[in-house]
Amino acid sequence: RVILADPPWGGDGEFGDKISRHYPLMKLQDICNMPISQIAADDSVLVMWVTWTHLKSAMQVINAWGFEYCAGFPWIKSTYEPTLDLFGELRFKPTWGLGVWVRGCSEPVLVAKRGKASPPDVSWLGLIGQRMQHSRKPDNLYQYCESMSGPYLELFARRERQGWSAYGNQVKGSIRLPTPREPDSLKAGVLSLPAVVKSESNLPA
């Protein structure tokens with residue numbers, strides 16, 4: 001019931017050749033055409049990473065996948081792992097990123113819902129986490145997702161996580177998404193997945 005997505009934005013050439021050296025990029029229309037609406041439960045949540053320059057594109061993807069935008073928050077990138085000092089104050093140093101209008105030290109996370117999906121039981125303000133190797137995201141976003149009822153699916157995953165299903169060309173146990181020629185076998189309550197998934201549950205996300 002929770003889908004976490006980190007689409008490889010930039011396939012339409014807006015990033016140049018820099019990002020494509022790290023992983024294959026996708027065109028916006030190809031991302032929109034992914035059959036996520038077929039595998040998402042009727043009441044589910046989509047948590048999507050996006051860059052500030054792709055906010056408009058992200059809204060198109062959210063709508064194409066059958067979700068409705070409802071909220072968002074930032075990930076503030078720190079040069080080191082944030083810590084609490086002896087007085088209980090949070091200590092961290094924001095990264096000095098690229099940018100013309102403003103130096104980038106954050107990435108937005110968008111939250112969308114489908115049907116009667118419920119928000120987390122606890123309040124969240126945003127994320128502060130250490131910036132790691134290219135495109136790797138902080139683990140505390142998984143904690144945000146897991147504060148809602150599963151099962152859990154990560155799209156464009158780059159590593160495995162216990163209790164999650166994953167789709168991605170860098171993950172050994174990746175699920176296979178249905179193609180337009182296949183029947184709609186992944187709707188809520190149907191267990192006939194087209195491939196073995198990594199998580200403990202075979203229910204749709």
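**Entry 1: Ser-57**

I started with Ser-57 and found it in helix α3, which covers residues 55-64. I am working from a predicted model. Is Ser-57 buried or exposed? Its relative accessible area is 16%, so I noted it as buried, because the cut-off for buried is under 20%. Next I looked up its contacts, skipping residues up to four places away in sequence. Ser-57 touches Trp-9 and Leu-28.

**Entry 2: the whole chain**

I counted four helices and nine strands. Starting at the N terminus, the order of elements reads β-α-α-β-α-β-β-β-β-β-α-β-β. The chain has 205 residues, and 41% of them count as buried. I also checked contacts between residues at least 6 apart in sequence. Of these, 65% join residues at least 24 apart. The accessible surface of the chain is about 11,800 Å². Carbon and sulfur atoms account for 53% of that surface.

**Entry 3: confidence**

How far can I trust the coordinates? The mean pLDDT of the chain is 78. I saw that 74% of the residues reach 70 or more. Where does pLDDT stay under 50? That happens over residues 181-203. The model still has 49 contacts beyond four places in sequence for this stretch. Where pLDDT is low, predicted coordinates should not be read in detail. I left those contacts alone.

**Entry 4: Ala-5**

I moved on to Ala-5, which lies in strand β1. Its relative accessibility is 0%, so Ala-5 counts as buried. I listed its contacts, leaving aside neighbours within four places in sequence. They are Leu-46, Val-47, Met-48, Trp-49, Trp-65 and Leu-155. I looked at one of these, Leu-46, in more detail. Ala-5 and Leu-46 are 41 residues apart along the chain, yet their C-alpha atoms are separated by 7.4 Å.

**Entry 5: strand β8 and its partners**

Which strands does β8 join? Strand β1 (residues 2-5) is linked to β8 by four bridges, and the two run parallel. Strand β9 (residues 164-167) is also linked to β8 by four bridges, again in parallel. I then followed single residues across. Ala-5 has Leu-155 of β8 as its bridge partner. Leu-155 in turn has Tyr-167 of β9 as a bridge partner.

I checked the side chains of β8, residues 152-155. In a regular strand, side chains alternate between the two faces of the sheet. Here, Tyr-152 and Glu-154 point one way, while Leu-153 and Leu-155 point the other way. All four of these residues are buried.

**Entry 6: aromatic pairs**

How many aromatic pairs are there? I counted five. In one of them, the ring centres of Trp-49 and Trp-75 lie 5.4 Å apart with their planes at 75°, so I logged the pair as edge-to-face. Trp-49 sits in strand β2 (residues 44-49) and Trp-75 in strand β3 (residues 68-78).

I then took Phe-156 and Tyr-167. Their ring centres are 6.2 Å apart and their planes are at 75°, so this pair is edge-to-face too. Phe-156 is in the loop between β8 and β9, and Tyr-167 is in strand β9, eleven residues away. Are the two residues buried or partly exposed? Phe-156 has 15% relative accessibility, so it counts as buried. Tyr-167 has a relative accessible area of 25% and is therefore partly exposed.

I also found a cluster. Ring pairs link Tyr-142, Tyr-152 and Trp-164.

**Entry 7: nonpolar cores**

In soluble globular proteins, nonpolar side chains tend to be buried together. I looked for such groups here. The largest nonpolar core has 25 residues. Which residues have the most contacts inside it? They are Ile-36, Leu-46, Trp-65 and Phe-67. I noted the elements that give two or more residues to this core: β1, α1 (28-32), α2 (36-39), β2, α3, β6 (106-114) and β8.

Leaving aside neighbours within four places in sequence, Ile-36 is in contact with Ile-3, Trp-65, Phe-67, Arg-114, Leu-155 and Leu-177. Another core lies apart from the largest one. This other core has 18 residues, including Val-2, Val-47, Leu-141 and Tyr-144.

Note on methods: Residues numbered from 1 in each chain as written. Predicted model: local features only at pLDDT ≥ 70, side-chain atom pairs only at ≥ 80, totals over all residues. Heavy atoms only, no water. Buried < 20%, exposed > 50% of the residue type's maximum accessible area, 1.4 Å probe, protein only. Pairing = 2+ DSSP bridges. Phe/Tyr/Trp six-rings, centres within 6.5 Å; stacked < 30°, edge-to-face > 60°. Contact = heavy atoms within 4.5 Å. Areas by Shrake-Rupley, 256 points an atom, 1.4 Å probe, with all protein chains shown as cover. pLDDT = per-residue confidence, 0-100. Core = buried A, V, L, I, M, F, W, Y, C linked by side-chain atoms within 4.5 Å.
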